Amino acid sequence: MTRLPPVMIQREQRFRRLYTGLFVALAFLIGLSILLGRYPRPFWLSPARLPGDPLAIQLVWALRLPRILAAVLLGASLAASGFVLQMVFRNPLVEPGFLGVSQGAAFGAAFAILYLGTSVIVIQVSATVFALIGLILSYTLARHLHYGGWILRMILAGIAVSALFAAGVGMLKYLADPLTQLPEITFWLLGGLWSTRWPNVLAILPVTWLSLTLLYLTRWRLNVLALEETTAFSLGAAPDRERAIVIFLAVIATAAVVSLAGIIGWVGLIVPHTARRLFSPDARHALPASVLLGGMFTLVCDDLARTLTAGEIPLGIITSLLGALAFILLMTTQREQVKP
Amino acid sequence: MSTPPVVELHNVTFAYTPKAANVLSGVSFAISSGTVNVVLGPNGAGKSTLLHLILGRYTPQEGVVRVLGSPIREHGRAHLSRLISLVPQREYVPFDFTVFDYVILGRTPHLSYLQLPGPEDRHAAWQTLQRLGIEELWNRRVTEISGGELQLVLIARAVVQNTAVLLLDEPTAHLDPANKMRVLSILRALAHQGTTVLFTTHDPESAAMIADQVILLRQGRILRWGPLAEVFTTENLSRTYGIPLRVIRVGAHQVVIMDMDEPAQEHGTLTPESNL
């Protein structure tokens, strides 16, 4: 066998170090988040205090841990989902929130709250079904638009479909009982994790875990699906069927976390961009990096949401603020070529 | 003539939709192992469609495409991707993959569904880059290299696929003379090493330089096909393109020039049928 150049081996080693760094950083952030909060005083719970304070233990176990886990799952799923949609649509500017997926899921959740009862499973299934409908509508509409290139058309179609669902949510809000149903629906629109307890997290854990695992396993195929249709075919792929499978996995993960946290924007766009910058666009590296970075990003955002003020800042506001700023920064200094 | 054909088309007729006009009508030809075959014809003659049919992407309404003796359907998609590779005409790459990561994608047909490329695949990719003389590009971004370099990278990805047949769609269309020479000599070398090469072009020069066999296509029909020396004539080329062309021998080479002295209509009005 020929010798590979040393630089190539150095690159592999650099990626491995980066991974280790990301894992360590995530573990550190989780540990730190356990101690962050507004008890016993703003910002900090000393670990020394924990053994002798039953209230602190109860607080960490029942409130902070499920919320931390939910934040990590949320970011990991949204980032993975965004990454997958970007690959299979060959479009670095899409994310679940841009394609009618998140708005569809929110509509599905609101619809379930109003008409199908508030069972967690029912809300999740309804959110998933409408998230898929949103995606299919966006995709179909994009194919029929007579304006601009493929990337622009998908974005325009996504905006239109999201607006339709947003109008639908508005209508449901109008019809909702202002005392019981409305607050619950409003919660989806703001986006946040303040009401997260163990049962909520455990309800979405199987779906997100399964989806992320399967996407991770098929990450090489994602590279192939990012190629042009005919090229993917010539490499032995069944582009239509394989795309449908990974899109479905991405959407069920998104719908699950949206049914838990509401619409959380920008994570699915900004995190994959960052992952591609840090590693390479190759899904072998960029997908797991997106999962780790996504988990970290929403965890930090949620820490800010619950500790900065005595009240609670909606998580969606913080992710949008930080995400949009980071996006502007990346887009003005970027290497990726986007043809509108 | 003793070796059986690697790819054989028998009376292939194809239209994109049942009601649409035929893109290809009654196309038959055969190509043998380790040869360079060129499909020559004007824009819109059906050259790309022909490649897609051989690739198995489209199914003909009539007739049959055989690869290594068996009808294409009997091979199955995965198996076919280990027999035939394709270099597309142009490929828009939305992500800035490195050249190496892009080329190694050609190993996909040799991996099982969930398998990642291993050390042998990396070596195969590296060897191919060396073979094509582009190893210094390995860490460059495919979005940043020149058009000529990208063409070589696309060829490298197909070569890494290690197939019996290599199809190329207009591989020299956007290249300057130096890059065109480079690509053509690579194709010649691949054929010498046993790969069967079939490429489309609207440029007779490319065909004249390396073809063993030429297939002349006009309006979805084959005008003539056969060895370069027999088919590559002033009369055949003029019919193919519908304009007066002249084939001139310069040393060992054939050169095609446009014959400005002859009126164009004389050839332009000829229909393929009348010449069959």
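The model is predicted: local features need pLDDT of at least 70, side-chain atom pairs count only at pLDDT 80 or more, and totals for chains, interfaces and linings use all residues. Residues are numbered from 1 along each chain as its sequence is written, while chains are lettered from A and ligands numbered from 1 in the order in which they are written. Chain B contains eleven helices and twelve strands; helices (H or I, at least four residues) and strands (E, at least two) are DSSP runs, numbered from the N terminus.

**Overall form of chain B**

- The radius of gyration of chain B is 19 Å, which agrees with the value near 19 Å for a compact globule of 276 residues; this radius is taken over C-alpha atoms, and the globule rule is 2.2 Å times the number of residues to the power 0.38.
- Along the principal axes, the C-alpha atoms of chain B fill a box of roughly 60 × 40 × 40 Å.
- Of the 276 residues of chain B, 47% count as buried; a residue is buried if 20 or more other C-beta atoms, placed from the backbone, lie within 10 Å of its own, exposed if 12 or fewer, and partly exposed in between.
- Among contacts in chain B between residues at least 6 apart in sequence, 65% join residues at least 24 apart; a contact requires C-beta atoms, placed from the backbone, within 7 Å.

**The open sheet**

- Four strands of chain B form an open sheet in the order 2-1-4-5, with antiparallel pairing; two strands pair if DSSP finds at least two bridges between them.
- Strand 2 (24-32) and strand 5 (70-71) of chain B are the edge strands, each pairing on one side only.
- Six bridges join strand 1 (residues 5-14) and strand 2 of chain B in the antiparallel sense, and B:Glu8 stands opposite B:Ala30 in strand 2 of chain B.
- Helix 1 (residues 47-55) of chain B packs on the sheet, touching strand 1, strand 2 and strand 4 (62-67), and its direction makes about 120° with that of strand 1 of chain B; axes are lines fitted to C-alpha atoms, for helices over the stretch in contact, and angles run from 0 to 180 degrees between N-to-C directions.

**Helix 6 and its surroundings**

- Helix 6 (residues 177-192) of chain B has 16 residues and reaches 22 Å from its first C-alpha to its last, close to the 22 Å expected at 1.5 Å a residue; the expected span is 1.5 Å times one less than the number of residues.
- Buried residues of helix 6 of chain B include B:Val183, B:Leu184 and B:Leu187.
- These buried residues pack against elements of chain B including helix 5 (147-160) and strand 7 (165-169).
- B:Gln151, in helix 5 of chain B, is buried because 27 other C-beta atoms lie within 10 Å.
- Beyond residues up to four places away in sequence, B:Gln151 touches B:Pro171, B:Leu175, B:Asn179 and B:Val183.

**Positive phi values**

- B:Glu170 lies in the loop between strand 7 and helix 6 of chain B and has a phi near 45°, a positive value in a residue other than glycine.
- B:Gln219 lies in the loop between strand 9 (213-218) and strand 10 (221-227) of chain B, and its phi is near 50°.
- B:Gly194, which follows helix 6 of chain B, has a positive phi near 110°.

**Contacts between the chains**

- In total, 31 residues of chain A are in contact with 29 residues of chain B.
- Helix 9 of chain A gives the most to the side of chain A that touches chain B, with four residues.

Key: Contact = placed C-beta atoms within 7 Å.
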